[in-house]
Amino acid sequence: MGNVTVIGAQWGDEGKGKIVDWLASRADMVVRFQGGHNAGHTLVIGDNVYKLSLLPSGIVRGTPSVIGNGVVLDPWALKAEVEKLQGQGVTVSPEQLWIAETCPLILPIHRDLDALREDASGAGKIGTTRRGIGPAYEDKVGRRAIRVCDLAHLGDLDPLLDRLCAHHDHLRAGFGHEVIDRERLKNDLAEIADFVLPFARPVWRDLDEARRKGRRVLFEGAQGVLLDVDHGTYPFVTSSNTVAGQIGAGSGTGPGAAGFVLGIVKAYTTRVGSGPFPTELEDADGQRLGERGHEFGTVTGRQRRCGWFDAVLVRQSAAVSGITGIALTKIDVLDGFDTVKICTGYRIGDTVYDYLPPNAADQAAVEPVYEEMEGWSDSTAGARSWAELPAQAIKYVRRIEELIRCPVALVSTSPQRDDTILVSDPFAS
Ligand code: GDP
Ligand code: IMO
Ligand code: MG
């Protein structure tokens, strides 16, 4: 029995939260290793809906949950989310939630900068979640971040704030924005420290111990491979590595800990925010996918852009992320289409591509080459076995496997936890 790493294989919102929750019953620990509260993972359990942004989805089942050092942590967002979940009856205490002491903090100044840049960018904006994710990662690699462990040394904060504020005040001045109120920031940090510190610990040691004891760890990715800062549709990406390869650096464990890499793949494609989207549909079919799939952002409420399944992109994601098998989600949203299309290649003029070219202008120019398949009128919603799926839906799944060169391990047929078809158990390999 090995570990499992769950990552999104498209542009996020593939249904990672549901699958992590489903797998969490068999895991000893769930670990986030990148991103921050830009994520929005939805769990539906009976009549209860849980929306998690920063907390690992295992927390709802009571599985010990770890926020690794690769995550950028907004301590105020953490407090709000913990309190919201507690209000829904979920226990979140230092027994269940462990936060790496080395997590860089997202501060209000990061949110400011995110918004200032987006507002100044006009049509060229990234369409970020405005949570300060990018600016916080910049400060991390710029070696001026304030980290969780610094909250335990408030008396030593001044030199850190000097470095950080000097940098940000220049940037803010460029936008005509007021300088940072340092005293207020210091007081705010002192105030929130008491909330955060009880959760803080050397989680690399917990992971090491888990490995030595043969515990099963479930790594929970946020966003998706096409939003990866190296492998995604740059510059329309997030500021972290979202590929499975990030688990080691982002949690303090070896790269071999990934185990079975489960790519979460929506049976069609969505994207929220700006950037290229070759199979985007701006017609009635796109509208229908959005309505049937309730495609509105969990974090920002923005309408998600919708389009046909893009096998070229998922094949590429599977390759760059070492995906072992996929969980295909939301197949029920395709119920009732007369025909469904799958993108199998791209064209720019006479040039044919079997991958997404890296240049932003080329990415915007590619024309999808489609294969059309007969749809199905019977419902797949709520199916829990292959036998309950219409023959055409099975054909669709099999064709996807072929095109992306990866087997299907799970199929999800509704938002509910148990409406899931297990084809092969990721933990068993
Ligand atoms: P995540 O960010 O990858 O965790 O995905 P989100 O939670 O942002 O978006 C996925 C949405 O689809 C959520 O509202 C889920 O409840 C819902 N969902 C997940 N799996 C299925 C499924 O198989 N069918 C349907 N209809 N909805 C699903
Ligand atoms: P989950 O984990 C979908 C997108 C934003 C924007 C780009 C950069 O729920 O799948 P950022 O705030 O990260 O700097 O924004 O990335 N984005 C997501 N899109 N799902 C997410 O997370 C996302 N997190 C960020 O919309 O285009
Ligand atoms: Mg989401």
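Author: Thr270 is buried, with a relative accessible area of 3%; buried means under 20%, exposed over 50% and partly exposed in between, with a 1.4 Å probe and protein chains only. This is a predicted model, in which local features need pLDDT of at least 70, side-chain atom pairs count only at pLDDT 80 or more, and totals for chains, interfaces and linings use all residues. Residues are numbered from 1 along each chain as its sequence is written, chains are lettered from A and ligands numbered from 1 in the order in which they are written, and side-chain values use heavy atoms, with hydrogens and water left out.

Thr270 belongs to strand 10, residues 269-271. Strands (E, at least two residues) and helices (H or I, at least four) are DSSP runs numbered from the N terminus. The side chain of Thr270 makes a polar contact of 2.9 Å with that of Lys266. Such a contact is a pair of N or O atoms within 3.5 Å; within protein, one must be able to donate a hydrogen and the other to accept it, and residues adjacent in sequence count only if both atoms are side-chain atoms.

Thr242 is placed in the loop between strand 8 (217-220) and helix 8 (246-251). A polar atom of its side chain is 2.8 Å from the backbone oxygen of Gly224. The loop between strand 8 and helix 8 also holds Pro235, and the peptide bond from Tyr234 to Pro235 is cis, with omega near 5°.

Asp13 (OD) and Gly40 (O) coordinate the magnesium ion, ligand 3, at 2.0 to 2.2 Å. Asp13 is in the loop between strand 1 (4-8) and helix 1 (16-24), while Gly40 is in the loop between strand 2 (29-32) and strand 3 (41-45), so the pair ties together parts that are 27 residues apart in sequence. Donors here are N, O and S atoms within 2.8 Å of the metal (3.2 Å for Na, K and Ca), and water is not among the atoms, so the site may look incomplete. The C-alpha atoms of Gly40 and Asp13 are 7.5 Å apart. Asp13 is partly exposed at 22% relative accessibility, whereas Gly40 is buried at 14%.

From oxygen atoms of ligand 2, a backbone N or O atom of Asp13 is at 2.8 Å, one of Gly127 at 3.4 Å, and a polar side-chain atom of Thr129 at 2.6 Å. The protein covers 98% of the 550 Å² of accessible area that ligand 2 has on its own; areas come from the Shrake-Rupley method with a 1.4 Å probe, and for residues only the protein chains shown count as cover.

Ligand 1 is surrounded by 19 residues, the closest being Lys16, Gly40, Thr42, Asp332 and Ser412. Oxygen atoms of ligand 1 lie 3.1 Å from a backbone N or O atom of Glu14, 2.6 Å from a polar side-chain atom of Thr42 and 3.0 Å from a side-chain N or O atom of Lys330. On its own, ligand 1 has 580 Å² of accessible area, 92% of which the protein covers. Helix 1 and strand 3 are the elements that give two or more residues to the shell around ligand 1.

Backbone angles remain. Most residues other than glycine have a negative phi, and most peptide bonds are trans. Arg130, in the loop between helix 3 (108-120) and helix 4 (133-141), has a positive phi of about 60° and is partly exposed at 33%. Arg143, in the loop between helix 4 and helix 5 (157-174), has a phi near 60° and is exposed at 70%.

Conventions:
Near = heavy atom within 4 Å.
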